[in-house]
Amino acid sequence: YILSKGQVEVSRVDSLGKVIEKQVVGPGHLLGTRACIFPERSEFNVTAINTTQAWGLPKTKLLSYMMSQPDRFMVAMERLNNAEARTLLPLSMAEMAQGMFTHLSEQTLNNLIKEAQPKVYPACTTALQKNQVIKELFLLVVGTLKYGSKTLKPGVLLGEALIAHGEHRWEHEVVCNEKVGVWVLSVPALLRALHPSRKDPETAKVLPVIRD
């Protein structure tokens with residue numbers, strides 16, 4: 001829907017129906033774009049505040065038009081994912097302090113948080129292939145992932161245990177059961193974050209593992 005008159009309150013709700021974010025929008029705002037383009041349930045409740053007018057475009061017609069121009073379709077999906085990534089909540093030190101990062105100093109953990117980049121994957125997509133070289137760590141914060149026979153929930157730092165045990169490739173493919181939000185730490189970003197505290201005993205234990 002494209003709002004052309006009036007105002008509506010848009011509330012984002014979690015899987016339990018709890019409101020986690022709300023805003024008031026007016027003419028020119030698009031509603032339902034992500035749910036139309038990706039195979040995802042809508043996360044929003046929309047309530048009219050006053051007399052409202054909107055123009056509707058059926059999902060089938062939108063997808064037919066977009067798929068006739070695949071290059072533009074890919075750009076539109078990337079923009080939607082980037083916009084969604086910007087809504088991810090900032091990381092906390094408690095979330096980062098796990099696995100081989102558990103005993104790092106607060107300053108080093110903050111450096112890791114600053115280097116992390118937000119990313120969103122649509123539902124029903126394969127984020128990583130089996131045997132793909134591990135180039136990044138993923139801290140899952142939204143949605144669930146399928147990793148082999150395991151279903152991973154928010155809070156998991158994916159890839160850390162593999163690197164800590166000297167593995168260089170993903171053991172299983174990583175599939176998004178639903179829309180997934182992660183904070184990504186590339187290997188170069190990890191090294192940048194750890195370098196200032198390289199003489200700290202705890203950091204000194206981690207650096208060789210990452211470099212190898």
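So, what covers the buried residues of α3? The cover includes β2 (8–13), α1 (33–37), α2 (59–67) and β6 (117–121).

Before I do, a quick bit of orientation. What you're looking at is a predicted model. The protein chain has eight helices and 13 strands, and its C-alpha atoms fill a box of roughly 65 × 35 × 30 Å along the principal axes. Of its 212 residues, 36% are buried. If you take contacts with a separation of 6 or more, 71% of them are between residues 24 or more positions apart.

Okay, back to α3. Which residues of α3 are buried? They are Phe73, Met77, Asn81, Glu84 and Ala85. Those five sit on the same side of α3, because the arc they cover around the axis is only 110°.

β2 is mostly covered, with five of its six residues buried. It has two partners to talk about. With β3 (residues 19–25), β2 pairs in the antiparallel sense over six bridges, and there Ser11 has Lys22 in β3 as its bridge partner. With β4 (residues 44–48), β2 also runs antiparallel, this time joined by five bridges. In that case Val10 is the one to click on: its bridge partner in β4 is Val46.

Where does β6 sit in its sheet, at an edge or in the middle? The sheet is open, made of four strands in the order β6-β13-β8-β11, with antiparallel pairing. β6 is an edge strand, and so is β11 (157–158), each pairing on one side only. At the β11 end, β8 (residues 136–142) is joined to β11 by two bridges, and the two run antiparallel. Leu139 stands opposite Leu157 in β11 there. Packed on this sheet is helix α7 (residues 187–194), which touches β8 and β13 (180–186) and makes an angle of about 60° with the direction of β13.

α7 has a helix neighbour as well. How do α5 (residues 106–115) and α7 pack? Their angle is about 150°, and the axes are 8 Å apart. The crossing is right-handed. On the α5 side the residues involved are Thr108, Asn111, Leu112 and Glu115, and they meet Ala189, Leu190, Arg192, Ala193 and Leu194 in α7.

Last stop, α8, which covers residues 201–211 and contains Pro201. Pro201 is exposed, at 56% relative accessible area. Its C-alpha is 9.0 Å from that of Leu104, although 97 residues separate Pro201 and Leu104 along the chain.

Notes: Residues are numbered from 1 along each chain as its sequence is written. This is a predicted model: local features need pLDDT of at least 70, side-chain atom pairs count only at pLDDT 80 or more; totals for chains, interfaces and linings use all residues. Side-chain values use heavy atoms; hydrogens and water are left out. Buried means under 20% relative accessible area, exposed over 50%, partly exposed in between (1.4 Å probe, protein chains only). The arc is that of the directions from the helix axis to the C-beta atoms. Contact means heavy atoms within 4.5 Å. Two strands pair if DSSP finds at least two bridges between them. Axes are lines fitted to C-alpha atoms, for helices over the stretch in contact, and angles run from 0 to 180 degrees between N-to-C directions. A crossing is left-handed if the near helix is turned anticlockwise from the far one by less than a right angle, and right-handed if clockwise.
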